[in-house]
Amino acid sequence: MHKLFEHTSASWVRYSGYEWRTAADGNLYLLPTPGAEPQPYDPMADAETLVCEAMDTGLLCFQRASDTEIRNAIARFACKYGLLGIMTALPTTARFMEYEKVYLPKNQLIRAESMDTADYLDLFFPFRKPDFRKNGVESSWSEEDPAMISLIMTYQEYPQSTVMGFMRDYGERYDWLKAVFKDWSFTFMTSFLYYNDREQLDEDSLLLYQKGIAAFDGNAPTYHIELRETPTLVWDFHSLMLVVKMLFSMLLTDEQHPLRMCRNCQKAFIAKERDDLFCSPECERKGKME
Ligand SMILES: [Zn+2]
């Protein structure tokens, strides 16, 4: 376990199964299968695997994988870690449900600067809308499914939008999911290639790489401390997107055990030694034979 993540904790929800469904507007969405069970888990428990698997999913987009392969990889990722919480990650505040409008800083998915909150929600509930009534800034939300009610109780302290993202009818668009995974892996590759090819690159190319990575920014999550068996730092992440982004940034900048791409299988791995080029002894043997 990485030193940075010792005695830290967070919480997110994944379902036992996910499926792709096409909505009336023609967009393909990933959402839980009708009978799937929600299950809270701690994404910090195996943070390194989470980040590596997120990178590998995005790397497929650069490795000539077909859309079917990419869709399967994203669905596998969701079965292990849940959806990304894009709905909560994009707006200026995770507590946007308290306002009539949602404000969106520049992002690669939605071009509008602001939207009515109800229209924004429609983008993530393509089939069945939550029974949600909004009257100005007041809102009420009723649920009958016992599993959903139990989630709402468990996550009382969370922003309403995060909890809505845990609901059975919440889905995320394929083109958006693909864009997010691709963006992460692009940043990862940029950093990898920069150091790999630094000697051979001219000034302009180096500058391009530096600009590419500078565009990768993120808002910091808040945290609090809980007195568990040992004092534990608990992150208040409101989306899995933010979890991955922050963990990825930490792993990428780690000097001793950086996140790297294996020279043989082209997958992400955490280097045991600073100069490790291969993810495993097996890849090292294969890589050196070539
Ligand atoms: Zn490998």
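Predicted model: local features only at pLDDT ≥ 70, side-chain atom pairs only at ≥ 80, totals over all residues.

Me: What makes the site of the zinc ion tetrahedral?

Reply: Its four donor atoms make angles of 105 to 114°. The donors are the SG atoms of Cys262, Cys265, Cys279 and Cys283, at 2.3 Å, and along the chain they follow the spacing C-x2-C-x13-C-x3-C.

Me: Why is Cys262 called buried?

Reply: Cys262 has a relative accessible area of 1%, and buried means under 20%, so it qualifies. Cys265 comes out at 30%, so that one is partly exposed.

Me: Why do Asp67 and Lys178 count as a salt bridge?

Reply: Their closest N and O atoms are 3.3 Å apart. The cut-off is within 4 Å, so the pair passes. Asp67 sits in helix H2 and Lys178 in helix H7, so the bridge ties together parts 111 residues apart in sequence.

Me: How do you know that the length of H2 agrees with what a helix should span?

Reply: At 1.5 Å a residue, the 15 residues of H2 should span 21 Å, and the end C-alpha atoms are 21 Å apart, so the two agree.

Me: And what makes Lys288 exposed?

Reply: Exposed means over 50%, and Lys288 has 60% relative accessibility, so the word applies. Lys288 also forms a salt bridge with Glu284, at 2.9 Å between the closest N and O atoms; both lie in helix H10, four residues apart, about one turn of the helix.

Technical notes:
Residues numbered from 1 in each chain as written. Heavy atoms only, no water. Donors = N, O, S within 2.8 Å, 3.2 Å for Na, K, Ca; no water. Tetrahedral: all angles 85-135°; square planar, octahedral: opposite > 155°, others 65-115°. Buried < 20%, exposed > 50% of the residue type's maximum accessible area, 1.4 Å probe, protein only. Helix = DSSP H or I, 4+ residues; strand = E, 2+ residues; numbered from the N terminus. Expected span 1.5 Å × (residues − 1). Salt bridge = Lys/Arg side-chain N within 4 Å of Asp/Glu carboxyl O.
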